[in-house]
Amino acid sequence: MKKEILQLLFKRILTSLIVLFLLISFIFFLLRISPGDPSLKFVSPDLSPKLASKIRDSFNLNSSLISQYKQFIINLIQGNFGVSYTYRIPVISVIKDFLPFTLIFSSISFLIQIFVGFLLALISVRRINGVFDKTVLRLSLIAYAIPSFVLGVSLILVFSSMLNVVPSSGLSSFDAGSFSFFAKISDYIIHLILPVVTLSLSGVAVYYKYLRQNLEEVYDNSFVLSLRANGFTEKEIIRKHVLPNAINPLISVAGVELGILFSGALVTEVIFGLPGMGRLTVNAILSRDYPLVVGCTVISGVLVILSNLAADLIKIRFNKRLIKGMLN
Amino acid sequence: MTMRIKIWHQITAICFSLLVLKVNLVIKIFSLQLVFFNVLVADYSKAIYQIDFSLIDYFISAIMIIIIPVGVIFLRRRIKVFSLSLNFTSAIIIILAAFFVFAPLVANNNPDFQQNIGETKLLPPLSSVEVIHLKREVKPAQNLLDKLVKLKEEVIKNTYDESIIFADSLSISSNATIFQKNSQIILPKDRILYSDGLPVITREYFLLGTDEYGRDIYSRLIYGARISLFIGLGSVIISLLLGVSLGFLAGYPGGFIDTIISRVTDMFLSFPAIFFVILILALFGNSLFTVILVLGFSGWMSLFKIVRGEVISLKQKDFFISAKMAGLSNYNLLTKEILPIILAPVVVNLVFQYGSVILAEAALSFLGLGTGSFYPSWGAMIEAGQNYLTQAWWMVVSPGLCLFITLFAANNLGREIQLYYNPRLKG
């Protein structure tokens with residue numbers, strides 16, 4: 001069994017690397033066939049001649065296409081994305097400033113999505129077709145259909161503009177420097193309430209719907225009836241027998257959702273003016289900052305590939321029978 | 001026996017009410033068509049010169065408003081869809097389709113119509129302003145072409161109109177003084193149009209308010225619906241062609257080609273499409289055409305998976321092998337043997353895809369990367385409204401609501417079709 005797990009791990013990491021390689025090649029291909037001078041995609045016309053020639057050398061821009069391609073891949077793997085047009089510093093150090101926020105923000109939202117979806121599904125499955133179940137099911141369909149930017153802007157409209165209870169944008173108040181530690185934390189929390197709700201709502205609906213369906217299917221099995229006949233309480237049946245059976249498909253959904261989360265964070269960060277990768281990417285595109293665009297795309301791609309890998313590994317951890325299927 | 005409202009009832013009702021409300025416009029469009037064809041017969045090259053997109057648009061919507069109700073009434077027994085009973089989803093979809101076809105008739109104004117911005121900007125819903133009409137120099141029509149141009153000017157709503165001024169009030173003494181919000185215009189008395197000694201003043205109503213440039217939001221919403229649906233249609237067709245042909249190509253011969261195409265698909269699937277879309281739009285610029293193309297190219301993966309899986313399982317079935325033995329060409333095998341069977345999952349997938357493309361286009365426009373700056377687009381309207389949130393909530397609410405209802409209807413439609421093909425599935 002251990003050998004098989006190692007084999008699977010090796011195979012999954014290999015395919016992830018191939019996907020990464022294809023991704024980088026695709027980006028290079030796009031950069032070359034897009035209109036305009038390709039060397040301008042790496043070197044800003046505003047840079048000093050010395051720095052410009054340095055970047056030219058580091059990307060082999062003066063030699064043949066094949067060696068440019070080779071150098072491009074080597075540079076990207078080493079984390080050398082060139083110099084950003086707008087920030088005038090290496091792209092990787094720009095991204096370093098913006099990445100932590102997106103990671104923290106996405107993982108908070110991810111946990112909230114799973115937790116709330118789980119809770120709602122558990123409550124509504126206790127009485128299938130009851131009042132609570134029916135209302136939440138309807139609401140989840142609605143929540144799934146609301147685009148995140150419509151939701152975000154309407155939340156700002158209601159809670160910031162009309163009721164004036166929470167701030168509409170930014171991560172901290174302008175005078176946050178003088179706050180004590182706890183005041184700072186509560187300041188962050190107040191600023192993040194609306195963004196987290198915006199990012200989480202559709203995810204909550206997805207988890208709720210999947211989990212509720214699975215729980216209902218497992219509930220219909222005859223082993224539940226037999227357990228009930230043997231005198232187990234409802235609580236015990238749910239906790240010990242129904243939940244473990246229903247939770248598996250949730251994990252594979254979670255893997256897919258994690259990838260979607262990054263693109264959702266992109267829009268949310270723009271609405272609420274948060275200092276994350278999404279806003280960085282959009283601003284880079286709007287200011288035609290090509291090295292930064294490429295850097296952001298590659299880093300986001302790596303994150304998504306890693307999260308897919310992690311989801312697969314967690315899936316195996318919970319259900320060892322999947323190994324055989326994945327190996328083939 | 002209870003009478004239930006059917007789909008064809010709603011279609012004919014919409015067409016007839018539009019016809020009654022806009023009967024003047026429809027008659028004018030038909031007379032324009034008549035004059036146009038006269039000119040076309042008389043002087044071909046000059047008539048061709050007069051053709052533009054909006055002229056054809058008006059012609060088509062005027063013809064459609066006659067053809068569609070008649071056609072629906074006659075074909076309602078032949079085509080089953082028209083006799084289905086109406087529900088929320090189908091009602092929304094029919095209204096959207098009506099916006100799509102009849103946009104020139106439904107909309108009050110050209111979506112880009114703006115005049116006297118100071119007077120009309122950021123007006124709340126259901127507000128109105130006075131319209132003061134100026135005298136227009138009318139040259140008598142000398143030939144058919146002049147008549148055509150004059151009629152065209154009357155029918156087709158332009159982005160500006162020299163002969164009207166939006167104002168709060170008007171006072172006439174020695175000069176005519178037109179009062180607007182922050183300014184006044186003084187004109188010679190005889191510039192103003194009079195009828196029976198009184199100046200002609202009408203009221204212009206803005207049903208859903210105006211935006212920061214004084215443009216009518218209602219008209220923009222309708223043209224925005226058109227753009228959204230058009231982009232959705234275009235990119236779904238691209239996804240359909242790509243997904244089905246690649247799926248067939250991978251699933252039918254199997255082996256090496258299958259492995260390569262599947263791996264590439266896995267790459268695209270493992271990566272959220274929006275990053276690709278953004279990268280490509282950043283590099284190639286954002287026109288309507290690139291947006292359609294990029295969204296089409298980013299959505300074929302799930303369709304490919306469905307088609308490939310079905311083809312692999314179908315090619316071992318007896319009926320398929322016998323059809324192959326009978327000597328059908330590959331194209332016929334695909335269209336006659338495989339497509340009818342995989343139609344159901346493909347249609348369901350396409351409907352969901354349609355919804356997600358509309359959402360993606362709106363999100364791109366919202367981020368400033370879509371077609372928002374060239375055409376009225378719901379996403380761009382929300383983006384513009386975000387800057388005026390404290391002053392003008394209606395700029396965000398109405399396009400947001402439209403987008404939400406459209407997506408909700410698309411999701412519901414997908415689920416209903418799924419249920420129709422596969423009744424064992426629980427909603």
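In chain B, strands in the order E2-E1-E8 form an open sheet of 3 strands with antiparallel pairing. Strands are DSSP runs (E, at least two residues), helices likewise (H or I, at least four), numbered from the N terminus, and two strands pair if DSSP finds at least two bridges between them. Strands E2 (164-167) and E8 (201-206) of chain B stand at the edges with a single partner strand each, so one side of each has no neighbour in the sheet. Strand E1 (residues 127-133) of chain B is joined to E8(B) by 6 bridges; Ile132(B) has Ile201(B) as its bridge partner.

This is a predicted model: local features need pLDDT of at least 70 and side-chain atom pairs pLDDT 80 or more, while totals for chains, interfaces and linings use all residues. Residues are numbered from 1 along each chain as its sequence is written, chains are lettered from A in the order in which they are written, and side-chain values use heavy atoms, without hydrogens and water.

The table describes the interface, where contact means heavy atoms within 4.5 Å, and buried area is the accessible area (1.4 Å probe) lost on putting two parts together, summed over both.

| Item | Value |
|---|---|
| Residues in contact, chain B | 37 residues |
| Residues in contact, chain A | 44 residues |
| Area buried between chain B and chain A | about 3800 Å² |
| Part of this area on carbon and sulfur atoms | 83% |

Phe275(B), Leu279(B) and Leu283(B) supply 17% of the area that chain B buries against chain A, more than any other three residues.
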